Amino acid sequence: MTDIPMAKAINEGLKAAMIADSKVLVMGEDIGQLGGVFRVTEGLQQQFGPSRVIDTPLAESGIVGSAIGLAMRGYRPVCEIQFDGFVYPAFDQIVSQLAKITMRHESTQAFPVVIRIPYGGHIGAVEHHQESPEAYFAHTAGLRVISPSNPHDAYWLIQEAITSEDPVIYLEPKSRYWHKGPIDDEKPGASLHEARVVREGGDVTLIGHGAMVSVALQAAEIAHSEGVSIEVIDLRSLSPIDYGTILDSVRKTGRAVVAQEAPGNVSVGSEIAATLTEKSFYVMEAPVLRVSGFDTPFPPAKLEGIYLPDTDRILDAVDRSLAY
Amino acid sequence: MPYTEHTLRLLAPDGTLVVNDRTEAYHSAIGHLTEADFREFYRVMSVVRRFDVEAGNLQRQGHMALWVPSIGQEAAQVGSAFASRPQDHIFPAYREHSVGYIRGLDLVDIIRMLRGLTHGGWDPKKTNNFHLYTLVIGSHTLHATGYAMGISFDGACSTGDLEKDEAVIVYFGDGATSQGDTNEALIFAQSFQTPQLFFLQNNHWAISVPVRVQSRTPLFERAAGFGIPSVQIDGNDVLMSYAATRIMMDQARSGQGPQFIEAMTYRIGAHTTSDDPTKYRDEDELAFWQAHDPIDRFRAYLQGLGVEQAFFDSVATEADDYAADVRKRTLTLENPPTTDIFAHVFTEDHPVVTEQAAWLENYLSSFEQGPS
């Protein structure tokens with residue numbers, strides 16, 4: 001058990017995966033010599049060489065499209081998209097090609113491609129650098145979508161994403177890159193698509209993913225001091241969603257709040273609210289409430305503190321839930 | 001712009017062999033071909049054209065939602081496909097029926113896809129590396145380039161053994177040259193010096209938009225901007241298509257990086273059966289290209305070599321028989337099972353797919369039990 005930042009944990013996970021399987025390649029813009037704009041791939045090119053840690057031309061569709069061809073050849077490419085808002089030039093290759101190409105091949109060939117995307121706000125950056133695009137990918141059949149919230153999960157989930165035979169979108173909450181946490185490099189603790197109860201409680205279930213998990217935990221701590229017991233669930237996987245864990249919790253609490261940085265409209269939070277309505281209608285004491293970014297483009301950075309859900313907005317929703 | 005001063009050919013439009021200083025090397029590249037090879041070129045062009053007509057008829061009779069004709073482009077495809085080597089990987093767009101035939105594809109598999117039975121239709125491992133059709137224009141050029149990067153990383157090219165060194169051909173059209181993906185593929189190919197041939201069939205029309213709207217410059221000249229060697233050939237000359245492909249594929253597999261051929265040809269038919277070319281094309285242009293038909297040209301060449309009429313007659317009979325067999329087999333194709341909705345979405349288990357497959361099975365079986 002050592003404490004390391006999430007960026008380093010992903011780096012260590014990539015390294016372990018590359019040692020375990022010589023077919024694992026890492027490719028993207030500025031990831032080799034520079035080590036990535038967030039230094040997640042630092043040192044990998046020196047260790048594994050330029051044919052396994054590939055500095056590509058500046059073309060996102062080219063990165064994902066050529067990764068698909070490499071997967072046909074038997075490689076397991078891990079693509080880095082530099083920022084959330086830069087993934088859209090690759091949208092056709094991800095949504096129309098990668099997500100559908102296994103079905104097109106009628107399972108005669110697997111496409112184990114991982115696409116890493118640093119995402120989310122709270123880093124004070126310019127337009128296109130703070131977005132949360134997870135709903136696009138979670139909506140798309142053929143993709144698995146995961147997002148770690150802490151270094152331990154980041155270390156293990158990247159390795160499980162790489163060994164998965166299916167395409168995986170791996171969303172890295174960039175505001176958590178520099179936060180240290182313990183990793184146990186012996187035991188993963190949970191599998192790729194399991195959600196985890198990260199704080200037990202009895203009054204309200206609070207669900208989040210990525211950077212929102214730490215905000216949710218802080219909110220739960222504040223609520224505890226006010227006599228409200230919040231159970232916090234870290235989704236970890238956004239597609240598929242582990243409804244078993246969520247349903248176990250709401251059967252106990254009867255109330256659920258979903259928190260996310262992404263806009264609420266047609267989002268992961270919306271899907272959870274709809275599914276809880278279908279599957280746990282009679283145990284619910286209150287409607288599922290969403291706390292999310294507003295249905296606007298991500299605002300200029302000086303406004304992000306208001307735009308992004310914080311502990312107050314989460315606790316406001318918890319209060320509204322308890323008032324039913 | 002049908003042909004230009006740059007267009008290379010070995011067979012003149014009247015079917016006579018004409019060799020000059022510019023084409024001497026290409027002529028040498030067909031030196032090992034025998035009359036038996038030439039007969040095979042003719043046979044495949046004729047059989048696949050007859051198949052193409054039959055498939056169009058099947059569509060008109062309601063047995064397919066759509067057909068994609070390749071009539072007029074047979075020489076570009078047949079010459080280049082025969083020039084590839086067994087170890088090569090072929091990434092077609094969606095009109096390369098002749099190429100598939102040569103690599104061993106059962107052409108009914110293309111019909112299965114266009115009839116709505118599958119999104120793919122074959123396993124490239126069982127069609128001598130003839131990969132699946134991709135319907136988004138240009139997307140597959142990047143898959144081909146990635147595959148070629150993999151060949152290079154594997155050390156499976158540039159060893160100096162032409163019988164083993166692998167390379168990739170990717171087919172695309174003039175419309176695809178406007179797509180970002182095609183341009184990114186050219187950039188990645190030159191960056192990583194992939195063993196790869198970009199084979200552009202310039203059939204002059206991207207549905208209703210003529211090539212002159214796509215480009216103010218001959219398309220093969222664009223390759224120079226990417227640092228990729230290129231030639232423009234007469235795509236209706238099967239011998240030139242063979243020669244240029246043979247030379248450039250062997251350069252690609254030998255470590256000389258990506259290559260580019262623009263084959264000037266023409267889409268005699270519609271883009272697909274959903275299209276009506278009389279709305280946008282003029283008759284003179286069509287007449288010009290019908291007068292430059294690739295099969296007629298090659299027949300004239302073979303007749304000049306002394307090939308007897310009985311051969312052409314037997315090919316015509318074989319083509320009719322093949323078309324009849326395709327028709328028969330098309331009409332007996334069965335619809336896929338409903339489980340195919342879920343079967344191939346993921347390679348590993350997925351709880352949502354499993355749950356919805358079970359739900360559908362249960363729902364459908366509720367009807368078998370009758371109304372409750």
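Reply: Let us begin with one residue of this predicted model. Not counting residues up to four places away in sequence, A:Ser249 touches A:Val197, A:Thr205, A:Glu231 and A:Ile233. A:Ser249 itself belongs to helix α8 (residues 243-253) of chain A.

Me: Why is A:Ser249 called buried?

Reply: A residue is buried if 20 or more other C-beta atoms lie within 10 Å of its own. A:Ser249 has 24 other C-beta atoms within 10 Å, and is therefore buried.

Me: What makes β9 and β14 of chain A edge strands?

Reply: The strands of an open sheet in chain A follow the order β9-β11-β10-β13-β14, with mixed pairing. β9 (196-199) and β14 (289-293) of chain A each have a single partner strand, so one side of each has no neighbour in the sheet. From one strand to the next, the twist averages 25 degrees.

Me: How do you know that β10 and β13 of chain A pair?

Reply: Two strands pair if at least two bridges are found between them. Three bridges join β10 (residues 204-208) of chain A to β13 (residues 256-263) of chain A, so the two strands pair; they run parallel. In β13(A), A:Val257 is the bridge partner of A:Leu206.

Me: Which strands does helix α9 of chain A touch as it packs on the sheet?

Reply: Helix α9 (residues 268-279) of chain A touches β10, β13 and β14 of chain A. The direction of helix α9 of chain A makes about 155 degrees with that of β13(A).

Key. Residues are numbered from 1 along each chain as its sequence is written. Chains are lettered from A and ligands numbered from 1 in the order in which they are written. This is a predicted model: local features need pLDDT of at least 70, side-chain atom pairs count only at pLDDT 80 or more; totals for chains, interfaces and linings use all residues. Helices (H or I, at least four residues) and strands (E, at least two) are DSSP runs, numbered from the N terminus. Axes are lines fitted to C-alpha atoms, for helices over the stretch in contact, and angles run from 0 to 180 degrees between N-to-C directions. Two residues are in contact if their C-beta atoms, placed from the backbone, lie within 7 Å. A residue is buried if 20 or more other C-beta atoms lie within 10 Å of its own, exposed if 12 or fewer, and partly exposed in between; C-beta atoms are placed from the backbone.
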